Amino acid sequence: MEKHLLRITVNEQEYELYINPKALLVEVIRDHLGFTGTKRGCESVSCGACTVMIDGMAVKSCSVLAMQVDGMNVTTSEGLEEKGQLHPIQKAFLDHGAYQCGFCTSGMLMSSKAFLDENPNPTTHEIREGIEGNLCRCTGYNSIVRALDAVAKGNYREDKA
Amino acid sequence: MKYNVINTHVHNIDGIAKVTGRATYTFDVKIPGMLYGKILRSPHPHARIVNIDSSKAMELMGVKAVVTGKDTLGVKQGIWRRYSELCDEQILPLEKVRYIGEPVAAVAAVTEEIAEQALDLIEVDYEVLPAVYEPMEAIKKGAPEVHEGVERNINVTRHIEWGDVEEAFENSDYIREDWFKCSGQAHMCMETRCAVASYTPEGKLTVWTSTQSPYYIQGLLSGVLGLRESDIRVIAHYVGGGFGGKFELDAAQFCSSVLSMKLSKPVKIVFSREEDFIATKRRTPMFYYVRTGVKKDGTFMARETRVFTDGGAYTGMGATALYLTGFFHSFPYKWAGYRYDGFRVYTNTLPSTSMRGFGAPQGMFCSETQIDLIARDLGIDRVEIRRKNAHTPNYEVPGQATIASCGLTECLDKIEEWIKSRGDLPPNRGIGISSYGFMSGGIFNWFDSPYSFSSAVVTINYDGKVDLHVGCQEIGQGSNTTMAIICAEELGVRIEDIRVHSGDTAECPPDLGAWGSRQTLMAGNATKMAAADAKRQLLEFATAKIKPNIVYDLDIKDRWVHLVARPERGLDYFEVVKDALRGKGGQRIVGRGFYTPHRKGMISPAYSYGVQALEIDVDPETGKIKLVNCVTAHDCGQPINPIGLHGQLEGAISMAAGYGFLEDMPMEDGKIMNPNLVDYKIIRATEMPETEVFEIDTYEPEGPFGAKEAGEGLTNPTAAALGNALFDALGISVKQLPITPEKVLNALREKKLEDNK
């Protein structure tokens with residue numbers, strides 16, 4: 001099969017690679033680029049474990065072809081830290097125990113980030129809606145809601161500066 | 001007693017790896033030269049394998065090997081190793097398949113796509129056999145035989161009895177009989193079953209896998225592959241969930257090993273979500289008949305229960321679930337006479353096994369639902385009837401269990417208070433309650449392990465950093481953190497002084513692993529003992545240096561080695577470590593610990609207790625249930641890791657409430673109708689109720705620092721509390737799980753007919 005050239009920026013690094021045009025974004029991120037923080041938990045776009053941000057929007061990376069994001073900016077959980085400092089949402093996840101086995105966590109973080117960027121002052125119900133597309137079998141979600149609520153309330157604001 | 005580390009706000013020690021995407025799961029493992037495997041599965045629920053022709057598949061470019069049962073030693077394996085008749089599963093069977101999805105062949109190829117294509121080229125001739133799907137059918141005379149020579153397809157029977165049951169019924173004022181049906185449930189771990197097996201020509205096999213017990217997998221692989229146990233290294237550093245579904249040998253582990261041994265190349269097999277649904281194992285579906293006799297005042301007298309469980313095609317951990325459901329069906333109440341007869345029945349369906357709660361959620365759903373019905377029939381308050389019959393400290397369940405700590409009565413008081421605080425509820429709202437309890441690890445040794453149940457090694461390095469090697473398995477429940485806390489507390493150092501090593505049979509001592517809520521108590525005791533051993537060695541040197549009066553004791557707290565009676569007199573921990581190492585000829589300090597329960601009855605060394613109240617909102621038009629509040633009064637002894645504990649509680653609620661009203665695995669002719677996450681519903685963030693927990697302080701003498709079970713027992717009450725909340729809201733009782741809108745509407749219709757009579 002003829003390979004196509006993909007130009008993509010992942011976690012602020014530009015890449016050029018030849019790929020099967022039918023490759024899913026999640027396959028390129030994990031298998032070609034080695035960002036294995038992004039997981040896969042289903043084949044039906046149901047679980048959200050593969051959620052990444054594309055130009056600031058949360059997208060399940062199993063639902064798009066890599067070629068569809070040619071020229072765009074992708075952020076994965078590996079791209080949340082800045083200069084070795086954890087992002088406020090990552091810190092809040094640690095403080096609130098908002099993960100257990102950790103397999104859904106990368107996707108959950110990316111949905112959370114995109115959601116709070118869009119809606120920085122949500123109600124807890126809105127937070128729940130914001131992460132509704134992400135399944136977690138371990139936590140029962142409430143610790144995640146508390147973590148995001150703490151971020152929204154500004155408990156981690158000094159970290160942003 | 002004040003603790004420095006225990007019950008403080010400690011971050012999970014694997015947390016940073018998990019929130020930064022650095023944690024490497026088996027799903028992520030990639031090693032040079034690795035091939036990809038896929039499994040061909042049976043489309044038939046019951047068929048004889050006449051012939052398998054893989055020649056066309058082998059011709060496909062990129063295919064390296066195809067294996068079938070003929071390429072294996074043909075060993076029938078099972079986790080109940082002590083009992084050969086219960087070792088009934090050949091992964092890659094030689095003669096016949098017994099459920100849809102059973103593996104018949106496995107392929108290794110250079111890519112996953114090629115392996116997948118190769119599956120279509122394998123030709124299997126089947127002779128289709130008559131099949132049976134329901135235990136109540138399979139038990140009949142003349143039903144198809146799932147396993148040859150197993151009479152009426154009865155796989156295992158269990159009998160539990162104490163007291164004079166007949167006399168206790170005779171002394172009862174009121175007797176009630178009910179039938180219940182409890183459904184199956186998928187473990188639905190976010191990480192599906194997967195393994196990377198790498199066999200090398202020196203005869204050694206390394207297997208990365210997603211498992212709850214590396215030691216079990218090592219032992220089981222040794223049995224089916226004919227390798228020495230210690231030539232097999234099982235690695236499971238990060239595991240994407242287990243919930244009782246990942247401590248038996250699975251086809252990913254076995255097939256990747258067989259392929260790797262054939263090729264001397266690493267082979268990776270990852271189950272698709274569909275494979276994970278149709279071809280692993282599931283929570284055991286159960287039919288419960290319950291007959292209960294009580295006094296007019298609500299005193300429980302007698303209970304007689306008969307249970308038929310749908311075993312599916314193989315035994316797995318189902319034999320244990322059959323026992324535990326029967327025992328915990330009595331729990332946490334006192335009975336003058338109790339009799340349980342359980343029958344596990346083979347069918348041509350996906351095998352059933354352990355899942356979080358291990359049979360207890362089923363047993364408690366039936367028990368707690370019936371208790372509410374009895375309370376209504378007799379006009380007794382539902383909290384009062386539970387209080388009257390509750391286990392109490394130092395109670396002995398005749399011939400079964402010795403209870404030491406038990407905070408059940410306090411839990412009931414707390415929940416009663418909370419219900420009162422809710423006042424009058426709006427229409428269509430209801431609160432249901434359920435008591436529960438669970439074991440802190442099992443005493444039984446069906447695996448026939450010659451090793452201690454748990455072991456730990458504490459090594460203190462020159463710089464004071466402590467290496468803690470444990471065989472207990474981190475699967476997300478936080479056991480690495482719990483062990484680090486216990487070690488730091490006992491040794492008198494800080495959490496950041498501890499580095500935990502687990503999930504690797506080559507590095508860590510054997511341990512039965514993460515199941516049956518055993519690790520906090522058992523591995524916790526081993527860790528505490530190892531830390532105490534290391535501390536004793538340090539204190540020998542400190543004593544020589546401080547030269548106190550012989551009557552004084554020394555201890556270490558927060559890196560300060562000191563006289564207990566005069567804490568200001570002491571030495572820096574790091575200095576003592578350096579001196580001690582010098583005094584030992586430069587050897588690091590090594591402490592050892594181990595634990596195996598003794599003289600603690602048949603089941604477990606200790607029991608957790610609790611009461612849960614669940615408030616729901618029902619729409620009588622649609623039958624839809626919304627979870628509003630879930631409040632739990634919980635006795636887990638001394639809490640060790642509060643963040644982890646709260647997480648276990650909420651996670652259990654989501655899983656157990658899902659079992660109560662959402663999750664189901666409906667089948668048609670042995671085929672699961674919803675093997676994907678669109679149709680199989682688990683609770684999402686918007687469906688989760690608010691949660692609150694009251695920790696009831698007790699001290700468990702058998703547990704480390706007084707701790708006991710804290711994660712699995714919490715799966716036991718929620719389905720029952722949900723059903724009882726429906727009963728409270730609308731006066732209807734649904735005796736079949738899950739309580740779907742359809743069942744709610746049917747029950748409402750029946751009630752209307754009844755009321756109109």
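Into which domains is chain A divided? I found domain 1 (4-79) and domain 2 (88-160) in chain A; such bounds come from an automatic or database domain assignment.

I record that this is a predicted model, in which local features need pLDDT of at least 70, side-chain atom pairs count only at pLDDT 80 or more, and totals for chains, interfaces and linings use all residues. Residues are numbered from 1 along each chain as its sequence is written, while chains are lettered from A and ligands numbered from 1 in the order in which they are written.

**Chain A, domains.** I noted 21 Å between the centres of domain 1 and domain 2 of chain A, taken over C-alpha atoms. Contact here requires C-beta atoms, placed from the backbone, to lie within 7 Å. By this criterion 16 residues of domain 1 of chain A are in contact with 14 residues of domain 2 of chain A. On the domain 1 side, strand S3 (51-54) and strand S4 (57-60) of chain A each supply at least two residues, and S3(A) gives the most, with three. Helices (H or I, at least four residues) and strands (E, at least two) are DSSP runs, numbered from the N terminus.

**Chain A, helix pair.** I then examined helix H3 (residues 105-118) and helix H5 (residues 142-152) of chain A, whose axes come within 12 Å and cross at roughly 35°. Axes are lines fitted to C-alpha atoms, for helices over the stretch in contact, and angles run from 0 to 180 degrees between N-to-C directions. Met108(A), Ser112(A) and Leu116(A) in H3(A) meet Ile144(A), Leu148(A), Val151(A) and Ala152(A) in H5(A).

**Chain B, helix H3.** I looked next at helix H3 (residues 112-121) of chain B, where Ile114(B), Ala115(B) and Ala118(B) are buried (20 or more other C-beta atoms within 10 Å of the residue's own, with C-beta atoms placed from the backbone). These buried residues fall within an arc of 100° seen down the axis of H3(B), so they line one face of the helix; the arc is that of the directions from the helix axis to the C-beta atoms. Their cover includes strand S1 (35-41), helix H2 (55-59), strand S3 (63-68) and strand S5 (103-109) of chain B.

**Between the chains.** I found 42 residues of chain B in contact with 40 residues of chain A. Helix H1 (15-19) and helix H16 (642-661) of chain B are the elements that give two or more residues to the chain B side. Of that side, H16(B) gives the most, with eight residues.

Conventions. Contact = placed C-beta atoms within 7 Å. Buried ≥ 20, exposed ≤ 12 C-beta atoms within 10 Å, placed from the backbone.
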